[in-house]
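Subject: Salt bridges in the model

Hello,

Please find the structure below, as promised. My notes on its salt bridges follow.

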Amino acid sequence: MPRARKGSAPRRGGQRSGGGARSSTQADSGSSEDEAASEARSTTSECPSLLSTAAEESFGGDAVDEQGQQEDLEEKLKEYVDCLTDKSAKTRQGALESLRLALAAHLLSDFLLERSLTVADALEKCLKKGKGEEQALAAAVLGLLCIQLGPGPKGEELFHSLQPLLVSVLSDSTASPAARLHQCASALGLGCYVAATDVQDLVSCLTCLEGVFSRSCGVGGSTAPVVPVSLQGLLCAALQAWALLLTICPSAHISRILDRQLPRLPQLLSSESVNLRMAAGETIALLFELTRDLEPTELRLLLPRPPSLPLQEDFVYEDMEALCNMLRTLATDSNKYRAKADRRRQRSTFRSVLHFVEGGECEEETIRFGLEVLYVDSWARRRVYAAFKDALGSGMHHHLQNNELLRDIFGLGPVLVLDATALKACKISRFEKEEHIVNVILKTSKGDFPGGSVVKNPLANAGDTSSSPSPGRSHMPRSS
């Protein structure tokens, strides 16, 4: 069974004491009014195709008929599900796109539990008989379904029913690259991460994804073969999905994978695609992070020396100087033929990668949503967050606040229940908001505060990370 999710598990040498979430006042009492407004906006996600059913919340006025809105939404969803089997390809694509937007913007697990088999059968037909865009949309909806259903029996059943088909589509060299672009690879990785309970399923998905991007790596040398532009997106998605699954891979398999792929991945740093170069750099940083987590006896399998010599705690990459030179070049790239935005993204990414590979720590990223904060302070955590962000888009903050699966993965604790007064704090001035949050926290100090430990004076302790909650728990048991 796969080991604990690296997105939430603590790691040696650099995991901060509080990798989970706190109230935003605890994390940053000096946030500006613009930041406060940004946090308020992040609490609401909208589905463009369902805007006619949405209503603005009115604080202090008439209560919003949430039950009526939910019923209207479910009626539209029933229509979309029915349209998945329509004879018209255009109608099916429209239904898939509407479902994708709805699943990203709302929590619909109860609705889907009753119709999981119906939706799964329809998606299977779209993946088998559909072409191009229809296949891509069906794969995207599948990934979102796994997020909605979670790791329970229904989610596992859905993944097992469609895993062979996704593997078949990805392995078919005659299929249209547009159809397989990134959705099928991403859906396979995300579905396996969420729903797989058997290590053999994990190994099977890793092997499939590795086979996709390994075709662009030469057997020897430092330069990768030229990859057609039409395949670059697929290779990037396959590499990222593969890296996502590495974060839950048992140590015994990690050792063999590192030995096989770490010497080959630097070839992708010379790719013509900026996204593929960045994905390769981030994956290399993740592999280095995973080696630092291995036990000395597991490191022996990777280190090129006789077994009679004493073990060392730290992994030493054989071609470290050449790798660092490549990373340093990409971190300072100023070639004018590259787009300015691409150069900026690339330099930022590879500065972080180079710093970590040379022995530094992973740079921490802070994500604010509603009244909470998520700290992303490891490469494994970065990859997990990016995978869910790519699938959920603008709905990511809504799911971080309300989806138990994501809150479990990132160690956010139980869903934070706020009354109308607390919600109104998102729209008032910074001073009033901070004053209200202090009152809420102090009132809760006699019991357990949702999402972490209570600080008696959060404004005075805003810079103190010692009272932050733990990184959280995994929704999968650890096993090596």
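Predicted model: local features only at pLDDT ≥ 70, side-chain atom pairs only at ≥ 80, totals over all residues.

R260 is partly exposed, with a relative accessible area of 38%.

The side chain of R260 forms a salt bridge with that of E210, with N and O 2.6 Å apart. E210 lies in helix α11 (residues 199-214) and R260 in helix α13 (residues 251-261), so this pair ties together parts that are 50 residues apart in sequence. E210 has a relative accessibility of 9% and counts as buried, because the cut-off for buried is under 20%. R260, at 38%, is partly exposed.

The second pair is K128 and E124, whose side chains meet in a salt bridge at 3.1 Å, N to O. Both residues belong to helix α6 (residues 116-129), and because they are 4 residues apart there, about one helical turn separates them. On accessibility, K128 counts as exposed at 54%, whereas E124 is partly exposed at 24%.

E114 has a relative accessible area of 64% and is exposed, because the cut-off for exposed is over 50%.

Regards

Note on methods: Residues numbered from 1 in each chain as written. Heavy atoms only, no water. Buried < 20%, exposed > 50% of the residue type's maximum accessible area, 1.4 Å probe, protein only. Salt bridge = Lys/Arg side-chain N within 4 Å of Asp/Glu carboxyl O. Helix = DSSP H or I, 4+ residues; strand = E, 2+ residues; numbered from the N terminus.
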